Amino acid sequence: MRAAVGDKIHVHSRHVGEAEKIGEILEVRGKDGAPPYRVRFSDGHESVVYPGGDCEIKPPTPREGD
């Protein structure tokens with residue numbers, strides 16, 4: 001898994017009824033885009049994440065007018 005600062009991380013829920021998490025990668029601590037990543041989630045919580053198979057990394061969505 002590879003990521004860059006500004007990419008979005010989507011952590012899919014593992015259980016029925018469990019909310020999914022979406023966050024922004026603030027820092028890449030591994031070599032050449034490898035984990036771990038410092039992430040700010042949509043609720044404002046920041047954490048160091050070692051993503052597993054339940055995660056997706058996506059580039060940031062372009063803003064309208066860019």
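This is a predicted model: local features need pLDDT of at least 70, side-chain atom pairs count only at pLDDT 80 or more; totals for chains, interfaces and linings use all residues.
## The hairpin of strands 3 and 4

Let's start with two strands that sit side by side. Strand 3 and strand 4 run antiparallel to each other, and four bridges pair them. Together they make a hairpin, with four residues between the two strands. Look at G44 in that turn: its phi angle is positive, at about 95°.

Y37 has V49 as its bridge partner in strand 4.

V49 belongs to strand 4, which covers residues 46-49. Is V49 buried or exposed? Its relative accessibility is 12%, and buried means under 20%, so V49 counts as buried.

Who are its neighbours? Setting aside residues within four places in sequence, V49 is in contact with I9, P35, P36, Y37, V39 and F41. Take P36 from that list: it is 13 residues away from V49 along the chain, yet their C-alpha atoms are separated by 5.5 Å.

F41 is worth a look from its own side too. Apart from residues up to four places away in sequence, F41 touches V11, K21, I22, G23, S47 and V49.

## The nonpolar core

V49 and F41 turn up again in the largest nonpolar core. Two strands each supply at least two of its residues: strand 1 (8-11) and strand 3 (37-41). Which strand gives the most to this core? Strand 3 does, with three residues.

## A chain of charges

Now for the charged residues. Side chains of opposite charge can pair when their charged atoms come close. In this model the count comes to five salt bridges, and E27, R29, R38, R40 and E46 are linked in a network of them.

R29 forms a salt bridge with E27, where the closest N and O atoms are 3.4 Å apart. E27 also forms a salt bridge with R38, this time with the closest N and O atoms 3.1 Å apart. R38 is in strand 3 and E27 is in strand 2 (residues 21-28), so this pair ties together parts that are eleven residues apart in sequence.

E27 is partly exposed at 29%, E46 is partly exposed at 36%, and R29 is partly exposed at 46%.

## D7, a charge without a partner

D7 tells another story. It sits in the segment before strand 1, and it is buried yet has no salt bridge. Where is the nearest side chain of opposite charge? That is K8, and it is 9.2 Å away.

So what does D7 have around it? Not counting residues up to four places away in sequence, D7 touches G23, E24, I25, I57, K58, P59 and P60. Its side chain also has a polar atom that lies 2.9 Å from the backbone nitrogen of A4.

Terms used. Residues are numbered from 1 along each chain as its sequence is written. Side-chain values use heavy atoms; hydrogens and water are left out. Buried means under 20% relative accessible area, exposed over 50%, partly exposed in between (1.4 Å probe, protein chains only). Contact means heavy atoms within 4.5 Å. A nonpolar core is a set of buried Ala, Val, Leu, Ile, Met, Phe, Trp, Tyr and Cys residues joined through side-chain atoms within 4.5 Å. Two strands pair if DSSP finds at least two bridges between them. A salt bridge is a side-chain nitrogen of Lys or Arg within 4 Å of a carboxyl oxygen of Asp or Glu. Lys and Arg count as positive and Asp and Glu as negative; His and the chain ends are not counted. A polar contact is a pair of N or O atoms within 3.5 Å; within protein, one must be able to donate a hydrogen and the other to accept it, and residues adjacent in sequence count only if both atoms are side-chain atoms.
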